[in-house]
Structure formats: structure tokens, C-alpha cells
Amino acid sequence: MMTNIQTAIQDHFWSHYSELVRQTVIPYQWEALNDRIQDAEPSYSIRNFRIAAGLEVGEFGGWIFQDSDLYKWLEAVAYSLKRYPDPELEKMADGAIGLIGQAQHENGYLNTYFTIQEPGKEWTNLYEAHELYCAGHLFEAAVAYYDATGKRNLLDIACRFADLIASLFGTNPGQMRAYCGHPEIELALVKLYQATGEERYLNLSLYFIDERGSKPSYFLEEWERRGRTTIWAQGEPNLEVYQSHLPVREQSVAVGHSVRAVYLYTAMADIARLTGDSKLSEACERLWANTTGKQMYITGGIGATHLGEAFTFDHDLPNDTVYAETCASIGMIFWARRMLQLEAKSEYADVMERALYNNVLGSMAKDGKHFFYVNPLEVWPEASAKSPDKFHVKPVRQKWFGCSCCPPNVARLISSLDEYIYGVSEDGQAVHVHLYIGSELSFETGGRKVSLSQKSELPWNGRVEFSVMIPGSTNDGIAFNLALRIPNWFGSERPTLTVNGETLQYHVEQGYAIINRAWNDGDKLEWLLPIETKLIAANPLIRADAGKAAIQRGPLVYCVEEADNGKPLATLSLADEPVLSESEASGLLGGCVVVEGNGVVADQSGWEEGLPYRPLSKKRKAVRFKAIPYYLWGNREPGEMSVWLRY
């Protein structure tokens, strides 16, 4: 693994969000964790740690997995500190880490729920209690904080807990043949292994992967020992919901809780890469094909139902009762990155880009203080307020959630976004550009340092420039392959590529344009990806979108809102000749490109009060509709919204 790679984002679009997270989101979420946000649901997180540490007296508050919110916040802080040193923020984080250390047991155990609420019942409900899940988020935070600051306090806390877990779980006599109901620790142990070099952490991750889905089922046996009691759903454990119905190498269809699934698949891809396990790689590829080909929304969301926050079945993608949890799309991005590390295929980066620019970015308001947990593609505010089937679909973002896994997940992803832009081979001989985000990459190849500067006009325009810088260059050239992703939203023609002003021919491998040459200091490359507004159709098997089209421009999916088009949006259809046009709207929602088109709406005249039906009339009224990027919806007055339009 190369350790001398550095990336810094310098991008007009994404630098704004990095700054928003650093200056607003992280401080705001600290206030939320301390229950200081007026009219917001309490977190109880810091309070729970204070009680567990013996600094306060009281009962446990919040969900059983509440500890993880603080860990994810710390991870976001770590990424921020690495790029923008901030003594005050670091001092705040060090205080939180000290509190975590005070709550840790002498044997290394750390979980405020069991310390406060059910001491003595540790490890008795792995199916639902999230102990290993919370441990995983602790490990991720610890690795990130150590990498950012060099301080070992949190890493030592994590290693003591990991060592305890390694002693308790496994196949040796006296150990538990068990695994967590919510995958997370598996991918976290890989990070802990990479940070410390301790093979036992990698082996423990592999054990959890191997044990999952084995027979007899640990979850069923555990349920019997608990007297057939459960926390969430009643009755016998549903093994599909927890991805434990089959050994992971035999799984081929994404089932169950969508966040659990993609966290598991992320770890599987990690282990496949590090161990060379071809069966695990093949399972990842099968699951990827099913998830992205048959169970993913156009926005990059996954999880079709709020019942179990889960997948349902192939092509079942309802727009108005959708779940598409923010954490699930973030997990898709984690998984896509690991798949790219297994094999650089553009389809993985395409999904990473789709989820990032649409579902994930759209989950946070422009003020950085309001968030969506659920990311719908169609909203009718009255139904959200009054229909039991749509209570989970909110027309406005919330200040915080009792179960607030998503907001800190957004913060840690955006704070670490520079890690997703490039892929560099261990010998530095191949550089893949996965995302077109303005940035500077530094790496070594052949013992020499190289910097690659990217200037990108995405998502509004498709012009991308690269500059090569070789310190101390003698102009003898440094050979390495530069691979540029050809996005799936691009047209059928090849993008234009020039090097130092001359058009260059290239060949394509796995969706990447490959440029193999000796690079000199000062070389400049221009990559042109003209962005066009397109109408997108859904597979006919996706019944919710039959007879409908969506608007996409580059990586951005668009939607129509009541604020621009009135209501009811359900009567709006595309005209036979939509004649789509686009224009810059610098004063709208902080600046964006809007798309307008010809549409028709149903004639609403002549409907008497209380008349539900009448003979069909094809009379329509012509209108000019306006669409905005999906990620910006919900930042004005609450109202209806729709991604898909009838035609």
C-alpha cells in the first residue's frame, strides 16, 4: 500500500462544501451531540458517555447504537484537521476522546448502553444490539484521528477494545462463533490492520466474513437463549434482513437492510483485495450487478421500503414511498471505491459519482444544519403528514434525528472526499482519475515525485484540465499511464483529448481513456466532456416509472418543484416536443444551471366540488416548466417535488 500519496481538493464546487462542513456542519453537530440545538430531537450521546464515565448520574438515553454518532463526528473532525489544522477543534476532539477513555472498562470493553442500562448482558444480543457496529465506528475514528494528528490516545482505546473482541470471537475453544447483526466492524478492522500492521485484526475481519451465514445460525440459537425476545421486530430472526441467510460467497442478490448490506459488501471487497480471494471477488461482482442494475434509483439511492429500511425485489423502485437512506448511498460510495481498488472499471466510479452528486449531496440543506434521512423522488407534503405509508417521507429537512446516523456520515464523507478522486498503483505507474473534482495529486513513481493538478468545471461544464509538475525535472520525462474515466452520462462519441495543444488518440480499457507516455514538467492535458441535457427512460420492468422520463445533465439528476411550477405536479407531463433549454441562474439557490421545457397540464376547469370522476377529456394546457438539480430541492418553501415526468 502506497503511503506517499497526497491529494488536496481545490475545486469551486466542492471546496464550498468542504468549507461548509468544516465551518458549519462540524460545529453544529457538536452542539447536537451535546443536546444544545433548540427544538431538535436530543442526541444524548455526550451525556451517555459522561454517565458511563461516572461523571454524571442518570439513565441511558437514545438508541442502543447512540455511541456511533460521536465516533463518526470524530472521524469527520480528523479528516478536517488533516487538511485544515485547527487548535480549538483539536482541543474539543481531545476532550471527547478523554471522555471516551474514561468510559472504557479495564478489560477494554466500551459501550455506554451496556455500561449504563444492562451491565452484565454484554454480547447477549449480537443480532440487534450493535456492540460490534459501534466498535467498528470507534476503530474508523481512531485510525483517522491518528493519521491526522499522530496522537495515539484514541487508537490505543480502539486497539484495547479490538484485542478484547479478538479474544472473545473465533473458532478456538471457548470463543463465540458469532458476528454482528449490523456489519461495520469488518471494514473497520481492515483500516485498523492497515494503520497498525497487526495481522490479527485482518484475520478477525476475515473470520466475521467467513462465519456470516454459516449453519446452524448463531442468531437463531441466540434468540432461543434469550427466551425468544427481540428489541425491534417480533418473532423469529429474519436472516435475510441481516444478510446472514447464506454464506457471503454464495450470495448473489442484495437483500435486507440496505446499509447493513453495503457495509458488508465493502468489507468483502476489502478482504478480497487483501487476500486474493477470487470467490469473494466474484460474489462482490454478482452483488454489485444486482444492486446497481436492478435495485438502484436514478439518484444513486438504494432501499425501496421503510419497513426494515430494506431492499425489496428486483425493479421495485417506488418514488413516493421510497426510503433511499442517506447512509445507504454513502455505503454505496464506500463499496464503489473498494471495487475500484479491486479492478478499475468505470461503472464503479459512475455509481460513486451518481450517489455523491444526487442522493448524498441532496440530503443536506445549503445551510449545513438540516438533513434528510430519507431521500424521496416524489413528495406530496399532505401525504407525508397524513398517510401512514408516507410518514417517513419528509418535505423538509430536519435539524437532527433521534437516530442520527446520517448527518455525521455526510460530514465524514465530504471531509474525506479527496480520497475518492484518484487511484494510484503501488508502483506509481498507473493513475486513474475516477472523479472530475479540482485537486492536486502528489505521488512517487520510479523514485521521483510527481504532482498532477486538475482543474474541473463540473458539474456545470465538462471541461477538465490537467497539469503535470515534476520538481527538479531535467526534462528527461517520467513514464506512467494516466487513465481518464469516460462517464456513462457522456454521449456516444469519444471525448476530445489534447496534450500541449495537440489532439491525442487513445485507447479505452474498462471505460477509461488510457494515455501512455513519458510526461515532462509543464505538460498540459485538456479533456473535453461536453455536457448535454438529456431525457432518461427507465427500464420497462421498473413499473413506477413506466411512461415517464427524468431529466439529467451531466452527473446531475433534475427535478421539478412546486415553487417553480405550481401544483399538483402529478398533472404535469412533457409535451410531444419538450424543446429543453438550459440557462445559468446565478441568483437561484446559490447559483445553478436550470432546465426549462415545454409541458402540458391537465385542464382543471369544470370540476365541481365533490366530483371525483367524469368522462375523459384530452384537453390540456401548454406550460413551460422549470427543473432544478435534485440536490438543491427542499431549500425553499415546502411543496411538492418530482423527479419523473409523464410523457
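**Reading a pocket, its cysteines and its backbone**

Q: How do the residues of the lining of the second largest pocket divide into nonpolar, polar and charged?

A: There are 21 nonpolar, 12 polar and eight charged residues in that lining. Here nonpolar covers Ala, Val, Leu, Ile, Met, Phe, Trp, Tyr, Cys and Pro, charged covers Asp, Glu, Lys and Arg, and the others, Gly among them, are polar. A pocket is an open set of points on a 1 Å grid over the protein atoms alone, where a 1.4 Å probe fits, with protein on both sides within 12 Å along at least five of seven lines; lining residues have an atom within 4 Å of a point. The model is predicted: local features need pLDDT of at least 70 and side-chain atom pairs pLDDT 80 or more, while totals for chains, interfaces and linings use all residues. Residues are numbered from 1 along each chain as its sequence is written, and side-chain values use heavy atoms, without hydrogens and water.

Q: Which residues lie nearest the centre of the second largest pocket?

A: Of the 41 lining residues, Trp63, His257, Glu309, Tyr323 and Tyr373 lie nearest the centre. Helix α11 (residues 258-275) supplies the largest share of the lining, three residues. Helices (H or I, at least four residues) and strands (E, at least two) are DSSP runs; the chain holds 17 helices and 22 strands.

Q: How many disulfides does the structure hold?

A: A disulfide is a covalent bond between the sulfur atoms of two cysteines, assigned when the sulfurs are within 2.5 Å. The structure holds zero disulfides. For Cys406, the nearest cysteine sulfur belongs to Cys327 and is 3.5 Å away. The sulfur of Cys559 is 10 Å from the closest one, in Cys592, and is therefore too far for a bond.

Q: Is Cys406 buried or exposed?

A: Buried means under 20% relative accessible area (1.4 Å probe, protein chains only), exposed over 50%, and partly exposed in between. Cys406 has a relative accessible area of 1%, so the residue is buried. Cys559 is likewise buried, at 1%. Across the chain, 57% of the 647 residues are buried.

Q: Which residues other than glycine have a positive phi?

A: Among them are Trp123, at about 65 degrees, and His315, near 70 degrees. Trp123 sits in the loop between α5 (112-116) and α6 (131-149), and is buried with a relative accessible area of 11%. His315 occupies the loop between α12 (278-294) and α13 (326-342), and is buried at 17%.

Q: Where are cis peptide bonds found?

A: One joins Lys215 and Pro216, with omega about 0 degrees; Pro216 is in the loop between α9 (199-211) and α10 (218-225). Another joins Lys567 and Pro568, again with omega about 0 degrees. Pro568 lies in the loop between α17 (562-565) and β17 (573-574).
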